[in-house]
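Work through these exercises with the structure open beside you. Each task is followed by a stepwise solution.

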Amino acid sequence: LAADEDALGYFSAPDTESPQWHSLLDQVPAAARPLGRLRDARTWHGAVFLVSDRALFRWQEGRLTTWPFNSARPTRLLATGEHLLVHRQGEGLLEFRGERPVPFVDAPQVAVGQPVAATELADRRLLLTFASGRHFAWKPGESPTPWTPPDDPPALGQRLSLGERLPDGTLALVAESGDLLLLGTDGRLRAHYTVRGGLPPANIVGLAEDREGALWLGTNGGPARLQWRDAPTVFDTRSGLSEARTRFITRHEGVLYVLNADGLFRLVPSDEP
């Protein structure tokens with residue numbers, strides 16, 4: 001599926017010819033027009049769901065189903081585990097249940113602001129993260145309460161521009177500063193990447209994990225691939241190692257040592273990847 005301002009459709013899989021564009025606008029009812037901008041698209045339970053400020057759409061088995069909203073307002077679509085959530089700014093959270101979106105949480109603290117991601121924590125609480133850097137967690141039937149991660153990293157208090165829940169529940173968050181933060185299902189910070197630490201100096205506008213567990217970053221300067229789950233440690237002149245030819249490398253009591261013409265070096269990994 002592809003969408004733009006007042007455009008909705010898909011490209012057929014190419015065989016021997018060029019991909020053909022098929023518009024779905026004729027299946028959009030009048031109550032959901034003008035279409036405007038489609039803000040989010042999520043694959044959930046074998047269907048593709050999309051949301052605009054006017055309606056929720058489902059594309060499944062060649063059919064477009066539409067659920068118009070009563071009014072147009074900023075709307076986001078979030079998916080985590082068994083929950084497909086629709087956030088309507090000023091109204092709160094809806095959940096797609098059965099065959100329609102129904103009220104889920106109308107607490108005022110989550111009705112305002114722009115959510116960027118949702119995930120489930122290890123204790124089964126649902127975590128909702130906002131662009132402002134606010135976080136709320138709750139279990140079904142409870143009221144959302146402010147949430148702070150166990151190690152409370154200062155970086156997590158930044159304004160956020162993007163978020164994505166990875167298949168194993170890890171939450172990837174992009175700060176407006178360009179930092180990339182990865183939180184485990186226990187709420188602890190698993191990794192913190194910065195431009196100084198190797199991220200491309202460009203705006204990250206998309207996140208997706210591949211089959212090998214690497215994280216693809218879509219940036220306005222091109223794509224980048226981050227092997228964050230099994231990242232190599234690099235030692236060079238920036239970390240204090242001289243350029244002289246290495247003669248011996250050995251590990252002693254868990255520490256790696258390098259001997260070259262300039263002397264003996266002890267290699268200690270940095271806290272920053």
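**Exercise 1. How many aromatic pairs does the count come to?**

Solution. Start with the ground rules. This is a predicted model, where local features need pLDDT of at least 70, side-chain atom pairs count only at pLDDT 80 or more, and totals for chains, interfaces and linings use all residues. Residues are numbered from 1 along each chain as its sequence is written, and side-chain values use heavy atoms, with hydrogens and water left out.

Step 1. Apply the ring rule: rings of Phe, Tyr and Trp (its six-membered ring) pair if their centres lie within 6.5 Å; planes under 30 degrees apart are stacked, over 60 edge-to-face, the rest tilted. The count is seven aromatic pairs.

Step 2. Take one pair. Trp44 belongs to strand 4 (residues 38-44) and Phe96 to strand 10 (residues 92-97), so the pair ties together parts 52 residues apart in sequence. Strands are DSSP runs of E, at least two residues, numbered from the N terminus.

Step 3. Check burial. Trp44 and Phe96 are both buried (under 20% relative accessible area, with a 1.4 Å probe and protein chains only; exposed is over 50%, partly exposed in between).

Step 4. Find the cluster. Trp44, Phe49, Trp67 and Phe96 make up one aromatic cluster.

**Exercise 2. Describe the surroundings of Phe130.**

Step 1. Phe130 and Phe136 form an edge-to-face pair, at 6.0 Å centre to centre and 90° between the planes.

Step 2. Phe130 has a relative accessible area of 0% and is buried. Phe136 is buried too, at 6%.

Step 3. Look for a charge. The charged end of Arg134 sits over the Phe130 ring, 4.7 Å from its centre. The rule asks for NZ of Lys or CZ of Arg within 6 Å of the ring centre and within 35 degrees of the ring normal.

Step 4. Phe136 stands opposite Pro146 in strand 15. Strand 14 (residues 135-138) and strand 15 pair antiparallel over two bridges; pairing requires at least two bridges found by DSSP.

Step 5. Widen the view. The open sheet has the order 12-13-14-15, with antiparallel pairing. Strand 12 (115-120) and strand 15 (145-146) are its edge strands, each pairing on one side only.

**Exercise 3. Which residues touch the most other members of the largest nonpolar core?**

Step 1. Define the core: buried Ala, Val, Leu, Ile, Met, Phe, Trp, Tyr and Cys residues joined through side-chain atoms within 4.5 Å.

Step 2. The largest core has 16 residues, and Leu180, Leu182, Tyr193, Leu207, Leu215, Leu217 and Trp228 touch the most other members.

Step 3. List contributors. Strands giving two or more residues include strand 18 (180-183), strand 20 (204-209) and strand 21 (215-219).

Step 4. Note the other core. Apart from this one lies a core of 15 residues, among them Ala117, Leu121, Ala131 and Ala155.

Notes
Helices (H or I, at least four residues) and strands (E, at least two) are DSSP runs, numbered from the N terminus.
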